[in-house]
Amino acid sequence: MIAALFYLQWQSFRNRLVTRFKRLKQPKYLFGAIVGGLYLYWYFYRVLLGGGRRTPGNPTVSPEHLVLFELGGALALFVIMLLAWVIPHERAALTFTEAEVAFLFPAPITRRNLIHFKLIRSQLRIFFSVLLLTLFSRRFGGNPLIHGLGWWLILSTLNLHFLGSSFTRTLLLDHGVSNWRRRLLVLGLAGAMATSVWFWAKSSLPALNSADIANFDSILNYAQRLLTAGPALYLLFPFRLVVRPFLAPDTLTFFSVLAPALLIFLLHYLWVIYSDVAFEEASVEASQKLATRIAAVRAGNWQAAGKKQKAKSPWFKLAPTGPLPTALLWKNLIGVGQVFSPRLWIALAAIVVMVLVFGLKDVRHDQNFSSLAAILVAAGLGYSLLLGPQLLRLDFRHDLPRADVLKTFPMRGWQIALGEILAPVTVLIAFQWLLLLAGTGLLIYLPGKQTALFLAIAAGAAVLLPVLDVLLLLIPNAAVLLFPSWIQTGKDSARGIEATGQRLIFALGQMLVLLLALVPAAAAFTGVFFLLKLALAPAAAVPFAALAAAIVVAVEAGFGVMLLGKLFERFDVTEEPVS
Amino acid sequence: MVQVEGLTKLYGEFTAVNDLSFSIQPGEVVGLVGPNGAGKTTTLRCLAGIIPPSRGNVRVGGHDIVRDAIEAKKQLAFFTDEPRLFDYLTVWQHLNFVARIYQVADYERIGATLLEELELANKKDALPGELSRGMKQKLAIACGLLHSPKVIYFDEPLTGLDPLGIRRMKDSILKRARAGAAIILSSHLLHLVEEICTRLLILKNGRKIADGTLAEITRKFSEQSGDASLEEIFFRATSESSTSLPPPVLPLGTK
């Protein structure tokens, strides 16, 4: 039976690989693969491996530091395993895909074989993690093979521990031990251990004085003495055994410390395999939840992925007649409202006003305060422009899997395009104006030397930002229509080196298009600013110059919306499978 | 009401629909049948303006689906086998949204009536995630019928419906046809086609191989063996040769 499970695993892996190679026939995947390959070469080979220079065969760390690394690693393992007993609350659920549940659960396969299947599958994930971690840790010297095997032992043992603890948690629940009782028990035990270590340290080690605390070496020295004697020595011992192979400086040492680590691994394996816990029901539920979550995330609907959706009130009443794009704005704002409800915005605005009115009225006027406020607001706006269009995806990136539905609507392409991008634009504008409101408030309450200029810039930004938001959102939306399989939208997102390359190409393209689009706007701003500066103060010239730039960007955005509409009209829902 | 002339849809070198021509009059219910991969869904998608035809033209209510898409789309409704709903809009919000898209000023009255008819009135504030498969299908129907379409396409309309839902769906299709709507129904369920369609269009490998009333098609394909059921006609029409007919399944206990 296990051979059949191996077959399933191997064939799935092989077919996935073959599919990826086959799609390299398409130029966009080929270019993506080349760029992705170059990136990986640069990142892993040049950066992580030091440009092909041979790394020293022996570790550069001293034996004292090696002990500290071992203790640190053991402590980290201890904490991770402790958390595995404290945080989770669900019954044991091995995560299977829905297809695996449908085929394997009704099949005459023993529970133990299902666990084996799960373990085999987790090995693939562990293998890639080991590869990445080894590439990373190799920078610090040492034998890569030893590092790789060491990482494998650590990750595999952790994996088994998570599984074993989930089985034990379920057994405890079956025997009437609730989650909170278990947590209290585990935390009580951990507390007792910590107390014993503390008492021992108090009685056996000299107390740290303030000079010691300021000195990092003294702290390390104290930590080493604390963890290598007394109760901590015994508490951390099994964890140190697991870490030791990874830190072995040479092959001989590696083999000498391998046996105890393997023994711990084996004990974990036996614990998992001989736990007779019914995980099937919870697994079925988990697989459904997983499928829903993955579908939601890949459709760009992060809200649905996090929690069960609730019906939300619309942001405004939608009349049955009127401009058509408003319908899409109305619809998408309800989607956005799963996180950003109007109440949230009102509350945020109220907080800002309260802070300004009551919180800062007694603050001493400071010459530098206005500059600080301006820097903070500028940083916030910068991040909103940079990250906002990536995070707010309730536009074509969310609706493209329903492109066939949108296509049946009696709407022109530009109307659909405009309607689709309006919701994220609205949210971005709301956030940016709120930020500007807060910054302006601060400037008015705490005026400084540059206040007039900063206020003028804020006014200019308030005019310019909305059209800039439209422009910024047009780019990823155009990209998703041009290269639907490059952007995460549907149920099977692109992965692999070629997908990494595609994302890089996309990011660079986005940057380039934005820069090109901003050149005429910058020219308009500069021209109007210097012209008006002849007659007006700089602070007075800024808003007008910003208005001129906004008009240029608005014209570009208008053309962009028309173009996006044409792209949508030409988008063939069946020719390019949405990924 | 629907005129299709030389409709062809190509995917690279693959021809999904090949030189298809037919027309449908108001009140007609045309059954679009054919084996898997015959091009039924592609045809319906071209007819609904979801995908552009590679060649040929489609006119809906006298409007070209490509050149005059807006006017053509105002006349039609397309129901897919899997209801396509927006997961964060409630039942009533779906109707509100669709009303604005189709500019249905009186949507509140029509919507309430539709929800009553479809037994969804008590689910007005529910999200699609809270509805059963059949209820989702009903909501999709309510949305599609809100603007009183003159042309309706159904792609496997009975998928996932319970017996009562099936009965209601059949009645609803016939009611719309009696009211003057031109209907195209694509289905593998031959008994459904036999029961409610006034005309049949059989496709195979993207080509039309038969077009006519059930009686006409029966005559055409049962010359050698007298009367035949639609199932037998379907097999004859779509098989490479008459010898490839699958053997009939006998009831249990029959020797």
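Predicted model: local features only at pLDDT ≥ 70, side-chain atom pairs only at ≥ 80, totals over all residues.
Two residues are in contact here if their C-beta atoms, placed from the backbone, lie within 7 Å.

In chain A, take the contacts with a separation of 6 or more: residues 24 or more positions apart account for 82% of them. The secondary structure of chain A consists of 22 helices and zero strands. Its length is 579 residues, of which 32% count as buried.

Chain B has another make-up, with nine helices and 10 strands. Of its 255 residues, 45% count as buried. If you look at contacts in chain B between residues at least 6 apart in sequence, 67% join residues at least 24 apart.

Now to the place where the chains meet. On chain A, 30 residues are in contact with 30 residues of chain B. Two helices of chain A, α14 (325-336) and α18 (403-408), each supply at least two residues of the side that touches chain B. The largest share of that side, six residues, comes from α14(A). Sorted by class, the side of chain A that touches chain B has 14 nonpolar, eight polar and eight charged residues.

Next, turn to the sheet in chain B. Six strands form an open sheet there, in the order β6-β7-β8-β3-β9-β10, and the pairing is mixed. At the edges you will find β6 (76-79) and β10 (207-212) of chain B, each of which pairs on one side only. On average, neighbouring strands of this sheet are turned by 15 degrees against each other, direction ignored.

Strand β9 (residues 199-204) of chain B runs antiparallel to β10(B), and five bridges join the two. Start with I202(B), whose bridge partner in β10(B) is A210(B). Then move to K204(B), which has R207(B) as its bridge partner in β10(B). The strands β9(B) and β10(B) form a hairpin with two residues between them, and N205(B) in the turn has a positive phi of about 50 degrees.

Helices pack on this sheet too. Helix α9 (residues 230-238) of chain B touches β3, β9 and β10 of chain B, and its direction makes about 35 degrees with that of β9(B). Helix α1 (residues 40-47) of chain B lies across β3 (29-33), β6, β7 (151-155), β8 (182-186) and β9 of chain B. The direction of α1(B) is at about 150 degrees to β8(B).

Our last stop is a pair of helices in chain B. In general, two packed helices are described by the angle between their axes and the distance between the axes. For helix α3 (residues 91-102) and helix α5 (residues 133-145) of chain B, the axes come within 9 Å and cross at roughly 25 degrees. Because angles under 35 degrees count as roughly parallel, α3(B) is roughly parallel to α5(B). The crossing of α3(B) and α5(B) is right-handed. On the α3(B) side, V91(B), H94(B), L95(B) and V98(B) take part, and they meet L139(B), A142(B) and C143(B) in α5(B). The residues of this contact divide into six nonpolar, one polar and no charged.

Technical notes:
Residues numbered from 1 in each chain as written. Chains lettered and ligands numbered in written order. Helix = DSSP H or I, 4+ residues; strand = E, 2+ residues; numbered from the N terminus. Nonpolar A, V, L, I, M, F, W, Y, C, P; charged D, E, K, R; others polar. Pairing = 2+ DSSP bridges. Axes fitted to C-alpha atoms, helices over the stretch in contact; angles between N-to-C directions. Parallel < 35°, antiparallel > 145°, perpendicular 65-115°, else oblique. Left-handed = near helix turned anticlockwise from the far one by under 90°. Buried ≥ 20, exposed ≤ 12 C-beta atoms within 10 Å, placed from the backbone.
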